[in-house]
Structure formats: structure tokens, C-alpha cells
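Welcome! Here is a short tour for anyone meeting this structure for the first time. Take a look at the model, then read on.

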Amino acid sequence: MEFVTVDDIDIPALGFGTWLMEGADCHDGVAHALSIGYRHIDTAQIYDNEDQVGCAIDESSVARDDIFLTTKVWRSNVAADDVAPSVEESLRKLRTDYVDLLLIHWPSDTVDHDETLRALQKLKDAGKTRLIGVSNFTPAMVREALQVTDIACNQVEYHPFLGQPDLLELARANDMMLTAYSPLARGRVIDDPTLIDIGDRYDKSPAQIALRWLTQQQCVSAIPKASTPAHREANFQIFDFQLDSDEMQRIHDLDAKQRILDPDFAPDWER
Ligand SMILES: NC(=O)c1ccc[n+]([C@@H]2O[C@H](COP(=O)([O-])OP(=O)(O)OC[C@H]3O[C@@H](n4cnc5c(N)ncnc54)[C@H](OP(=O)(O)O)[C@@H]3O)[C@@H](O)[C@H]2O)c1
């Protein structure tokens, strides 16, 4: 495993995403992920699976403090008075006293980010989370957030078909992690000829090449989701080879500004 280090905390560069995994699919998926070596789990209040994630962690033989656990505050809970109770509810479901990273899931258009960030900072001060951060924030929003408090992370869509040069530069300049969500472009990477060609050199799949490309970049972690056990295993087998600089560049060149996740409440991404 390789790590991204933020605030002296080593964060496994490869995590396990759980969006759209519910019930036994989520519980068994997290249990299996932990059993094969994953130590970084990503969930969110809105995923409706914190209970299953918490149960799987609780039942596993892996110590809680060997796991890097992220959850995210949903849009309806970002007002100052709502943050703490909603996080207490998350902690109860997750069967833990703290998370490792607490994120604002999406920028709000009704509540000032300052207000939510201050509430997150209070929770950090109270030991309810080790790090705080944001998700789906644009470069301007990250700069504004950094004026309010130290944020450790921006979690955004990032894969070979959607570059994030501005956010990466900002993360590196401010000792932050950029977590790549939808790192497999929600499965679309598997048909890409460049990723297939590079994969053939290492006997790796296009998905493994995409994850290697992400995790080889400074400050970047990736959190692929996989309901299929074989996918979970394959995604973890990416630390036994190294892409060279030409291969890294060939994958950077696939950037087609192809954003997959763009709900109607998304921010103006160019801002
Ligand atoms: N902060 C946010 O707003 C936000 C938004 C989106 C996602 N996320 C986080 O990021 C995580 C990952 O993103 P995502 O779920 O959107 O997409 P993703 O990880 O890019 O892709 C998941 C898809 O790829 C397939 N897959 C996984 N491993 C594979 C492999 N080795 N070979 C072929 N196909 C493979 C999965 O199939 P199977 O499931 O059938 O195995 C699933 O259909 C989420 O689960 C969530 O934790 C956060």
C-alpha cells in the first residue's frame, strides 16, 4: 500500500467506495474489502449504508484505528445547528466515536460554507473527526474555505477522461489530498484502447491501469467502488508495478473534460 500524508496522518492511497451499495451488498463488500487489505473506506450520510459499513468494521478483526474512515455531511444538514446532530447520528450508525475524515458532500447554495466549516472544525476540536474537508468544491471555493480553516481534502470526480489540473495544483500547494471519486469513470475505462495497450505491457486490466495512474500522482487517493468480489481484489493489485513517465503522460492526454456526475445542484465548475 502507498499513502498520502496530510497533517502527519498516513492515508491509504487506495480506498473502497460504497455509493450505491446497500444492505448485505454493502456489509459483505466492506467485510471482504477489509479481509483482503483495504484500510480506507468511503461512505456518506446520503448513501444510506453507514449502518452496514459500521457493522462490517465492528465485526472485522481489523482494529478501528487501523482503518481510515470517511463520511460526508449531506446538503440538508449543513446549517450550523444541524451539523453536529447529523454527525452524532452518523457516528452511532458507524459504531465508532470518531471518523478520520468528515466532508461537506456538496457546496450549498443556501448556507454559507464558512458556517458549515466552523461547525466541522468544532467537531474536529471535540475529537469527533481527525480531519475535515470538502467535496465537489471548485478552485475558488477551495481558496475561500482555506481562508476559514485548514481543510485536508477535496473529493472530486477524477479519472483519465476528466483532468483536474487546477485542483491538483491547489491541493499540492496547501498540503491537501485530492480524492478521486468515480476513478474508473463508473466503468467506462475498461474499453479505452490506450489503457488496454498499457495494461498489456504489465498484464494488468484497464481499470488497474487507471487506478495506478491516479495513485502514482502526488497527493492523490482513489476510492473505486466494486460490488463484484473479483473487481475488489483486482483493484487492490496495483502496487506491484510502476507506470513510467511516458505512460503517465499518455493517460493524462486522454483528458476529454468528460464529467459524468453533474446533478442540477452542482456548482458552476468553471468558477
Ligand atoms: N463525493 C461525491 O460526490 C461522490 C460522487 C460519486 C462517487 N463518490 C465515491 O466514489 C466511489 C467510486 O465512484 P463510483 O461508484 O461513482 O464509480 P467507479 O468506482 O468509477 O466505478 C464503479 C463501477 O466500476 C465497476 N468496476 C469496479 N472495479 C472494476 C474492475 N476492476 N473492472 C471492471 N469494472 C470495475 C463497478 O462494477 P461492480 O460494482 O459490478 O463491481 C461499478 O460498475 C463511490 O462509491 C463513492 O464512495 C463520491
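## The sheet

In this predicted model, strand β7 (residues 129-135) pairs with strand β8 (residues 153-157) in the parallel sense, over 2 bridges. At one spot to look for, S135 stands opposite Q155 in β8. Helix α6 (residues 165-173) packs on the sheet and touches both β8 and β9 (177-181). The direction of α6 makes about 145° with that of β9.

Now step back to the whole sheet. Strands of a sheet pair through backbone hydrogen bonds, in either a parallel or an antiparallel way. Here 8 strands make an open sheet with parallel pairing, and their order is β3-β4-β5-β6-β7-β8-β9-β10. The edges are β3 (16-17) and β10 (220-222), each of which pairs on one side only.

## Two crossing helices

Next, find helix α7 (residues 193-202) and helix α8 (residues 206-215). Their axes come within 8 Å and cross at roughly 90°, so α7 and α8 are roughly perpendicular to each other. On the α7 side, the contact is made by L195, I196, I198 and G199, while α8 contributes P206, Q208, I209 and A210. Sorted by class, this contact of α7 with α8 has 6 nonpolar and 2 polar residues, with no charged ones.

## Around the ligand

Which residues come nearest to the ligand? Of the 28 residues around the ligand, they are G17, W19, L184, K225 and T228. The shell around the ligand divides into 12 nonpolar, 13 polar and 3 charged residues. Its largest share, 3 residues, comes from helix α9 (residues 229-236).

Conventions: Residues numbered from 1 in each chain as written. Predicted model: local features only at pLDDT ≥ 70, side-chain atom pairs only at ≥ 80, totals over all residues. Near = placed C-beta within 6 Å. Helix = DSSP H or I, 4+ residues; strand = E, 2+ residues; numbered from the N terminus. Nonpolar A, V, L, I, M, F, W, Y, C, P; charged D, E, K, R; others polar. Axes fitted to C-alpha atoms, helices over the stretch in contact; angles between N-to-C directions. Parallel < 35°, antiparallel > 145°, perpendicular 65-115°, else oblique. Contact = placed C-beta atoms within 7 Å. Pairing = 2+ DSSP bridges.
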